[in-house]
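Please look at the structure below before reading on.

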Amino acid sequence: MTSKLVDTLINANLVPLKPYESARRLFSGGQDWLNANESPFANPYDIDASNFNRYPSCQPDKVINGYAAYAGIDKSQLIVTRGADEGIELLIRTFCTPGEDNILICPPTYGMYAISAETCDVGIKRVPLNTDFSLDVAGICATDNVNLVFICAPNNPTGTQVSKADLTAVIEHFADTALVVVDEAYIEFDMDNTWANKLAQYPNLVVLRTLSKAFALAGLRCGFTIANEDIIQALLKVIAPYPIPEPVAQIVAQALTPENIDRMQQQVAFLNSERTTLQAELAKRPGVEMVGDVKANYILFRHSECAQIMQYLVSQGMLIRDQSKQLNLQNCLRVTIGSAEQNQRLLSLLDAYFAQAG
Ligand code: PMP
């Protein structure tokens, strides 16, 4: 009975959609979770439940002040959301009219820009990255009727950074027509290339951040949208109340103390150095081609037996992510940098695979 009612009532635009294939949805078992670009490090934080009978603040001061200080911006230039994913959807709902407006994305890139646009009945214009994963600046600038341009930097899943000159050209081209959203989910792994310090220069710049990656807090679901105050004020009209539960706010406040930021930065340095080691080791394995100049906490490699490798690793509890269906990423697998033990186990398992395959 209900399914008939659902069929009758559902927004017809949503019928063909499938839920986002998150890493956690694709696999539930396994011992080494190297498929969602999470941090391998555990956290030491405490929670005080004494005020849980009250609603939390909608934009908790302890979160906003702490993150504004960390990002080097004014607190009026910040909104905290339920993960960066909510920021993506909020931008689309706030700045695009359903059935009329479009966003621009540059595949292969993060999947949620397209999914959020589709669920909001907003059009998607795709300007693929060049084959070296740089932006097709001419193609982007030749695209009209877009309200939001999503640029992921470093890009997921290629890990590549965007050139300053290219992104500047894009932001300037759209100065009077669109917001350019730079998704910096992985920026801590390449902090020199942040755009968060350029808001004064570019009124149409928006920067997305998250605590899910370098801060090792994916389970909290906490992200930030950084932009000039008029943009933030528009987003505040649309966001549902209380996006950040009180326990989350308490933990974020602890994560943003100088000593915990310092600890996070040491973990980032460790993961970056593990990435370099893992890349060099993987490149020695038969038939493995490393892909992209990765500046994030994952790597991408190509192998003609990618499906079999994936299947073997998963059978051994080593979860990685198949990217082979993404544009220009045929035969590519993405692996999150894990703990030293996990990275070593990955190499040992690959050696075992090649020994039995060869
Ligand atoms: N942007 C990119 C590029 C990502 O890879 C992710 C998460 N995989 C997100 C945004 C979403 O982050 P959050 O966990 O904060 O929703």
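The model is predicted: local features need pLDDT of at least 70, side-chain atom pairs count only at pLDDT 80 or more, and totals for chains, interfaces and linings use all residues. Residues are numbered from 1 along each chain as its sequence is written.

Helices (H or I, at least four residues) and strands (E, at least two) are DSSP runs, numbered from the N terminus. An open sheet is formed by 7 strands in the order 2-8-7-6-5-3-4, with mixed pairing; two strands pair if DSSP finds at least two bridges between them. Strand 2 (78–81) and strand 4 (123–126) are at the edges, and each has a single partner strand, so one side of each has no neighbour in the sheet. From one strand to the next, the twist averages 25°.

Axes are lines fitted to C-alpha atoms, for helices over the stretch in contact, and angles run from 0 to 180 degrees between N-to-C directions. Residues are in contact if their C-beta atoms, placed from the backbone, lie within 7 Å.

| Helix | Lies across | Angle |
|---|---|---|
| Helix 5 (residues 112–119) | strand 3 (102–105), strand 4 and strand 5 | about 165° to strand 3 |
| Helix 7 (residues 164–173) | strand 5, strand 6 and strand 7 (205–210) | about 170° to strand 5 |

The axes of helix 4 (residues 83–95) and helix 8 (residues 229–238) come within 9 Å and cross at roughly 95°. L90, R93 and T94 of helix 4 make the contact with A234, L235 and V238 of helix 8.

Note on methods: Two residues are in contact if their C-beta atoms, placed from the backbone, lie within 7 Å.
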